[in-house]
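Have a look at the sequence and the fold first, and then read the points in order.

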Amino acid sequence: MIKSFPGFFKVSSLFDLFEECAMLVLTLCVMVVAALGLVHVVYAVYEMIRTATLEPSNPAVLQSLFGLCFTVLIALEFKHSILVAPDTPSHSLVRMRSVLLIGMMATVRKFIVLDLSSVDVMQVLALSASVLALGICYWLVRNRKPSSEISMSATSYDATPHEIV
């Protein structure tokens with residue numbers, strides 16, 4: 001119905017152009033953040049090796065190092081979620097799955113860098129509940145087919161009723 005309005009395709013193509021420009025700008029910004037984060041990780045490891053403070057048995061050192069690594073991974077995953085092709089039939093589901101995974105990664109990163117000596121039970125409970133909720137949401141949408149595939153399979157089955165015999 002909306003396609004019958006005059007000028008819809010002009011506005012639609014203008015919005016598509018805006019969306020592509022926004023994705024390009026966001027991609028460049030996330031690329032800069034990821035590159036700076038990677039440089040920071042490499043420099044931190046170099047300094048730990050140079051000053052001989054890289055102790056694998058020290059949980060605080062590993063927590064900070066893994067926290068830095070997870071930050072870079074989250075930025076890279078965010079970049080992948082931006083670059084989902086908008087013309088694919090299931091792009092909204094792919095983006096939803098990606099956002100849910102980014103949320104789980106960010107929450108797991110918080111668990112890793114969490115100092116257990118200064119945390120209360122309610123914080124751990126809240127983080128656990130958020131991971132559980134994100135996991136349930138991801139489980140609900142992980143195998144769901146796009147509506148276009150469902151309608152196509154239903155119409156192709158309905159189009160040939162004589163094959164049912």
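1. Is L28 buried, partly exposed or exposed? L28 counts as partly exposed, because its relative accessibility is 43%. For this term, buried means under 20% relative accessible area, exposed means over 50%, and partly exposed is what lies in between, computed with a 1.4 Å probe and protein chains only. L28 sits in helix 1. Its C-alpha atom is 8.9 Å from that of K79, a residue 51 positions away along the chain.

2. A word on the background before going further. This is a predicted model, in which local features need pLDDT of at least 70 and side-chain atom pairs count only at pLDDT 80 or more, while totals for chains, interfaces and linings use all residues. Residues are numbered from 1 along each chain as its sequence is written, and side-chain values use heavy atoms, with hydrogens and water left out.

3. Now the overall fold. The protein chain has five helices and zero strands, so read from the N terminus the elements run α-α-α-α-α, where helices (H or I, at least four residues) and strands (E, at least two) are DSSP runs numbered from the N terminus. Among contacts in the protein chain with a separation of 6 or more, 67% join residues 24 or more positions apart; contact here means heavy atoms within 4.5 Å.

4. How much of the chain is covered, and what does the surface consist of? Of the 165 residues of the protein chain, 20% count as buried. The protein chain exposes about 12,000 Å², and carbon and sulfur atoms supply 73% of that area. Accessible areas come from the Shrake-Rupley method with a 1.4 Å probe, and for residues only the protein chains shown count as cover.

5. Next, please look inside. The largest nonpolar core has five residues, namely M23, V30, A34, A75 and I82. Helix 1 (8–50) and helix 2 (59–82) are the elements that give two or more residues to this core, and helix 1 supplies the largest share, three residues. A nonpolar core is a set of buried Ala, Val, Leu, Ile, Met, Phe, Trp, Tyr and Cys residues joined through side-chain atoms within 4.5 Å. Leaving aside neighbours within four places in sequence, M23 is in contact with I82 and R95.

6. F78 lies in helix 2 and is partly exposed, because its relative accessible area is 36%. Not counting residues up to four places away in sequence, F78 touches V30 and I102.

7. S98 is found in helix 3 (residues 91–113). S98 counts as buried because its relative accessibility is 8%. Setting aside neighbours within four places in sequence, S98 is in contact with E77 and S81.

8. How many salt bridges does a search of the whole structure find? The search finds one, where a salt bridge is a side-chain nitrogen of Lys or Arg within 4 Å of a carboxyl oxygen of Asp or Glu. The side chains of R50 and E47 meet in it, at 2.8 Å from N to O. R50 and E47 both lie in helix 1, three residues apart, which is about one turn of the helix. R50 counts as exposed, because its relative accessibility is 51%.

9. On the surface, L132, I136, W139 and L140 form a nonpolar patch with about 460 Å² of accessible area together. Patches are made of residues with over 30% relative accessible area and no salt bridge, joining like charges within 9 Å and nonpolar side chains (Val, Leu, Ile, Met, Phe, Trp, Tyr) within 5 Å. L132 has its place in helix 4 (residues 121–141) and is exposed, because its relative accessible area is 56%.

10. Last, the cysteines. A search of the whole structure finds zero disulfides, a disulfide being a pair of cysteine sulfur atoms within 2.5 Å. C21 counts as partly exposed at 41% relative accessibility, and C137 counts as partly exposed at 36%.
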